[in-house]
Amino acid sequence: MTRAVCPGSFDPATHGHLDVIERTARVVDGVVVAVGTNMSKNALFTPDERVGMLMEECAQWSNVEVTLFDGLLVDFCAAHGIDIISKGLRATDFGYELQMAQMNRKLTGVDTMFLPTAPQWAFVSSSLVREVAMLGGDVTAFLPAKIAAQTMARVASRNAGAATDV
Ligand code: PNS
C-alpha cells in the first residue's frame with residue numbers, strides 16, 4: 001500500500017492544489033494532505049481553518065485525508081508511514097522544489113514525485129490570489145466556490161478592520 005503526502009500552506013487552497021491532490025489520489029493508495037502550521041505574517045486563514053476547508057473539498061475522494069503538520073516534512077513522513085512526497089510543479093518553482101526534494105531524499109531517503117501543474121492553473125499561486133483579493137480583484141476563477149466565498153469574506157473583514165485602524 002503506497003501512501004503519499006501532498007504538503008503545503010494552502011492559504012488558501014486553489015484549483016491547482018486540488019488538481020494535484022486528485023491526480024495523486026489516482027496513482028497511490030492513500031494521500032495525506034498536510035497543512036503546514038508555520039504562520040506567515042500575511043496569512044489569511046489559520047491552519048485549522050485551512051484543514052477544515054480542505055477536508056470539505058477532499059471529502060469527494062475516499063482515499064484522501066487532511067491533517068496539520070509542523071517540524072520537518074521528512075519526520076512527518078516517517079511518523080505517518082508515507083512513502084512519497086507529491087508536489088505540483090510550475091516552471092517558476094523548479095529550482096527551489098528540486099533543492100527541497102534532494103534535501104529531503106538526503107535526510108531520510110524519502111523521494112518526491114512532481115506532477116506538472118495543469119496548464120490552466122500554471123500562473124495561479126496562493127500568494128498571488130491573496131494579493132489580488134486584498135486589492136479588490138476577483139479571484140473566484142482560481143478557487144473552489146466555497147473557498148472563494150470564504151476568501152472574499154475574510155478579505156472584506158480584514159479591509160474593514162484596516163479602514164477603522166488609525
Ligand atoms: O505551499 P508552500 O508554502 O509552498 O509549502 C511549503 C512546505 C510547507 C511544503 C515546505 O515549506 C515544507 O516542506 N516545510 C516543512 C519544513 C521542512 O521540512 N523544511 C525542509 C525542507 S527541505
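Which residues lie nearest the centre of the largest pocket? They are Pro7, Gly8, Ser9, Lys87 and Glu97. The views below show a predicted model.

**View 1. The largest pocket and its lining.** The largest pocket has a volume of about 1,300 Å³. Its lining comprises 45 residues. Five elements each supply at least two of the lining residues: strands β1 (3-8) and β4 (84-89), and helices α1 (15-27), α4 (94-108) and α5 (126-134). Helix α4 gives the most, with 8 residues. By class, the lining has 17 nonpolar, 20 polar and 8 charged residues.

View 2. Around the ligand are Pro7, Gly8, Ser9, Phe69, Gly71, Leu72, Leu73, Lys87, Met100, Met103 and Asn104.

**View 3. Leu72 in its loop.** Leu72 lies in the loop between β3 (64-69) and α3 (73-79). Its relative accessibility is 48%, so Leu72 counts as partly exposed. Leu72 and Gly36 are 36 residues apart along the chain, and their C-alpha atoms are separated by 9.8 Å.

**View 4. An aromatic pair, Phe123 and Phe142.** The structure holds 2 aromatic pairs. In the pair shown, the ring centres of Phe123 and Phe142 are 5.8 Å apart. The planes stand at 90°, so the pair is edge-to-face. Is Phe123 buried or exposed? Phe123 is exposed, because its relative accessible area of 52% is over the 50% cut-off.

**View 5. Ser125 and His17.** Ser125 lies in the loop between β5 and α5. The relative accessible area of Ser125 is 15%, so this residue is buried. The C-alpha atoms of Ser125 and His17 are separated by 9.0 Å. Along the chain, Ser125 and His17 are 108 residues apart.

**View 6. Thr24 in helix α1.** Thr24 has its place in helix α1. Thr24 counts as buried, because its relative accessibility is 0%. Which side chain does the side chain of Thr24 contact? Its polar contact is with the side chain of Ser86, at 2.7 Å. Helix α1, which holds Thr24, also supplies at least two residues to the lining of the largest pocket.

View 7. The structure holds 1 cavity of 30 Å³ or more. About 30 Å³ of space lies in the largest cavity. The residues lining this cavity are Met53, Glu56, Glu57, Lys146, Ile147 and Gln150. Helices α2 (47-58) and α6 each supply at least two residues of the lining. By class, the lining divides into 2 nonpolar, 1 polar and 3 charged residues.

Key
Residues are numbered from 1 along each chain as its sequence is written. This is a predicted model: local features need pLDDT of at least 70, side-chain atom pairs count only at pLDDT 80 or more; totals for chains, interfaces and linings use all residues. Side-chain values use heavy atoms; hydrogens and water are left out. On a 1 Å grid over the protein atoms alone, a cavity is a set of points where a 1.4 Å probe fits but cannot get out, and a pocket is an open set with protein on both sides within 12 Å along at least five of seven lines; lining residues have an atom within 4 Å of a point. Grid points are joined across faces, edges and corners, and a volume is the space filled by probe spheres set on the points. Helices (H or I, at least four residues) and strands (E, at least two) are DSSP runs, numbered from the N terminus. Ala, Val, Leu, Ile, Met, Phe, Trp, Tyr, Cys and Pro count as nonpolar, Asp, Glu, Lys and Arg as charged, and the others, Gly among them, as polar. Rings of Phe, Tyr and Trp (its six-membered ring) pair if their centres lie within 6.5 Å; planes under 30 degrees apart count as stacked, over 60 as edge-to-face and the rest as tilted. Buried means under 20% relative accessible area, exposed over 50%, partly exposed in between (1.4 Å probe, protein chains only). A residue is near a molecule or strand if one of its heavy atoms lies within 4 Å of it. A polar contact is a pair of N or O atoms within 3.5 Å; within protein, one must be able to donate a hydrogen and the other to accept it, and residues adjacent in sequence count only if both atoms are side-chain atoms.
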